[in-house]
Amino acid sequence: MYINKKPFVCKTCDQAFSVKGSLQVHERVHTGEKPFVCETCGKAFRKQCHLKIHERIHSGEKPFVCETCGKAFSDKGYLRRHTKIHTGVKPYVCETCGKAFSAKCHLQGHERVHTGEKPFVCETCGKAFSVKGNLQIHERVHTGERPFVCEICGKACSGKGDLNRHERVHTGEKPFVCETCGKAFLEKFNLKIHERRHTGEKPFVNETCGEAFSVKGDLEIHERIHTGVKPYVCETCGKAFSAKCHLQGHERVHTGEKPFVCETCGKAFPVKGSLHVHERVHTGEKPFVCEICGKAFSNQNALTRHERMHTGEKPFICETCGKAFSFSCSLSRHERIHTNEKPFVCETCGKAFSNTGNLHVHERLHTGEKPFVWT
C-alpha cells in the first residue's frame, strides 16, 4: 500500500511537506506574515530560528567557532561556509563562465551577473538588488540602523563587510596582494582594479567615442565630456568640474594646500595622482606605451594626448563656434577669445592676458630678459 510521505500541500504553489508545521511556515511566504518580532529593533521574521540568529547581532553572541582559525559566527550555516575557506572546496560551478564558489547562495548571486536579474526590491525606494544581503544592507540607509560597531574607535557601520574594511584602517592589514608585483590592498575591489594595469583589461567602454577604461567611475567621468555635465562647483570662484576629485584638487589652488609629498625629493602636490606621476621621474618608470609607435609615457593622460597625433581625434569642441581641439587646455584657451577672459595678470603693471605664454613674453619688458639671442 502506497503512503504519501508529503501529505501537506500548499494551495498556492502546490509545494508539498511531510510535516504540517513546515507547511504553515511556508505559507507565510505567500501571506507576508512575520509573527516573530525583535524586541530591540522591531524587525520581524517568518521563522523563530531567524529571529534568534538576528538577536545575536544585538547581543554579540557568536556560539559557532571554527576549529581551524578560531573565528566565531552567530549562525551555524555561516560557520559551514567559512570552513570551506580552509579546505579550498568550491563545489558550486557557474555553467556560463566556469567560476567556482564554496556556497550555493554565492553561485546563485553570481549567476544573476549573467542574467541581469535583480529579484530583491526595496519597498521604500524601489531600488533592486541581485543579492538579498545587499538589499538588507541598503534598507539600513532608510532605517538609519548601524548594528556593527568598531571596538577601537566606536564607529558604527551598516554592514559587516563595511566594519571589516574599516578595522583594517586600525590594523594596517592589507590582505589582498597582487601576484604580479606584490602590491597589497585593503580591499579586494582595489586589487581587481590594480590588476588591470598588468593585464591591460579595459571593460568599460564609452558608446559615443569608443574609449575604454579599467574603472567604471573613470568612464562615468569621461562621459561628462560628451554631455557637458559639470556638477561639482567651486564655492570660491564658481568654476565647475565633471569629477569631485578634480574639484577637490582645484580648491587647493585657493587654499595653497599640498598634502601629497614626495619621499625622495620633498616636492609637494595638491593632488595624489600628480605625486604618483612625479615619482616616476625618480624611478624612470614609463608604463604607458603607444601601440602604434612604441613611445612610452609616465602617465595615462600623456599617452592619450600622444595617441591623438596618430588618430587625429579632436574630442573637445567649442560650443560657440564649433572649432574642435585635441586637448582640453587648447579648448580652454580658445574659449577666452569669445569670453574675452584674461585671467593671467602681470604683477608689475596689472596688464592682463588670456594665456600664460603672452604673460611671460610681456614680463620680459619689465625684467629686460632676452632669452633668445641671434648668433
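This passage describes the overall build of the chain and then its cysteines. The structure is a predicted model, so local features need pLDDT of at least 70 and side-chain atom pairs count only at pLDDT 80 or more, while totals for chains, interfaces and linings use all residues. Residues are numbered from 1 along each chain as its sequence is written, and side-chain values use heavy atoms, with hydrogens and water left out.

The chain holds 13 helices and 26 strands; these are DSSP runs numbered from the N terminus, with helices being H or I over at least four residues and strands being E over at least two. Its radius of gyration comes out at 30 Å, well over the 21 Å that the globule rule gives for 375 residues, so the chain is more spread out than a compact globule. Here the radius is taken over C-alpha atoms, and the rule is 2.2 Å times the number of residues to the power 0.38. Along the principal axes, the C-alpha atoms fill a box of roughly 115 × 45 × 45 Å.

How much of the chain is tucked away? Of the 375 residues, 23% count as buried, meaning under 20% relative accessible area with a 1.4 Å probe and protein chains only.

As for disulfides (pairs of cysteine sulfur atoms within 2.5 Å), a search of the whole structure turns up zero. The sulfur of Cys290 has its closest cysteine sulfur in Cys293, at 3.7 Å, which is too far for a bond. Cys290 is buried, at 2% relative accessibility. For Cys318, the closest cysteine sulfur belongs to Cys321, and again 3.7 Å is too far for a bond. Cys318 is buried too, with a relative accessible area of 2%.

Definitions and conventions:
Buried means under 20% relative accessible area, exposed over 50%, partly exposed in between (1.4 Å probe, protein chains only).
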